[in-house]
Amino acid sequence: MTADDVDDVTRDVWLPVPAAEIEGLPDPAATGLAYRFWDGGPDFPADPARCAFYVVPYMKGMEIAVRPLAAMTSLRVVQTLSAGIDHVTPGLGDVAPGVALCNARGVHEASTAELALALVLASLRDLPGFVRGQDREEWRAGFYPSLADRSVLIVGYGSIGAAIDDRLAPFECARVARVARSARTTERGPVHALTDLPALLPDADVVILSTPLTEETHHLADAGFLARMKDGALLVNVARGPVVDTKALLAEAASGRLKAALDVTDPEPLPAGHPLWHAPGVLISPHVGGSTSAFMPRAKRLMADQLTRFTAGEPLRNVVLTTA
């Protein structure tokens, strides 16, 4: 898929960041591309029918992500700035065949892995309890669980799962087990297939979810999954909210049998009054796994690189699927 496949009146590129702020973009005078800034606002920056390359506004939700797709009759590439693509795929039925959908592999690994480790440590060491104690001027001394000597299970071993694994290495975990859609071997060790989960869950002190949201992983962590986790285990979700069955998790948390640390929830944003806010042993962060100072430099480099490849007729990176 190249810019040469697009005629002279359909070479618009929609970017959620002003082009002047992105170093390394192909020269519009040399390529004929026209950069249009659209961050999800009510008005489109130009006729969507002229758009050949669409970079989806970041963290604006599915409704905004798919809103222009049906009118993008000259579209060739959809580029997300997220690792997940579930907010875009519902709109792909409205686009022509041959459109490449690319994700943001390489953008979020560092930030999301950092937060996954932060959530694990904060929950195990009860940092929220220390904050509440400080607010009340209480000295909460005592012994607390450590990550050292614990068994960790990473469910979803793509680039983010691997980055989490890398960051676990210095913490002297007793064991790190890895699960993905299919079995394979990595430098860190074997990766088990999803079908091995029932046998692996009972041994894990910490279960970290970093899997994409698909039909296969929707409610992967259901009542049966959670029941197989050992008493006192910690569930960490940095994937997507619907990977976890919220009702089933609430039941386990209410009983005190399991703890959870969630960067994503279902529903999301979590509304006021929802029982997850005050469920015992549940730590919540507001879907900020990728939203750090590390995001924008990496996102800009990805956009510049992809558009350079597009104009040069080179293969695009991170192609997840091509519409049929």
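Glu 137 is exposed in this predicted model. Its relative accessible area is 77%. Because exposed means over 50%, Glu 137 falls in that class. The residue sits in the loop between helix 4 (127–135) and strand 6 (151–155).

The relative accessibility of His 287 is 16%. The cut-off for buried is under 20%, so His 287 counts as buried.

Leu 115 belongs to helix 3, which spans residues 109–124. Leu 115 is buried, with a relative accessible area of 15%. Beyond its neighbours within four places in sequence, Leu 115 is in contact with Asp 263, Ser 285, Val 288 and Gly 289. One of these partners, Gly 289, is 174 residues away from Leu 115 in sequence. In space, the C-alpha atoms of Leu 115 and Gly 289 are 5.8 Å apart.

Two cis peptide bonds complete the account. One joins Asp 266 and Pro 267, with omega of about 10 degrees. The other runs from Glu 268 to Pro 269, and its omega is near -5 degrees. Pro 267 is found in the loop between strand 12 (259–262) and strand 13 (282–284). Pro 269 is also placed in the loop between strand 12 and strand 13.

Terms used. Residues numbered from 1 in each chain as written. Predicted model: local features only at pLDDT ≥ 70, side-chain atom pairs only at ≥ 80, totals over all residues. Heavy atoms only, no water. Helix = DSSP H or I, 4+ residues; strand = E, 2+ residues; numbered from the N terminus. Buried < 20%, exposed > 50% of the residue type's maximum accessible area, 1.4 Å probe, protein only. Contact = heavy atoms within 4.5 Å.
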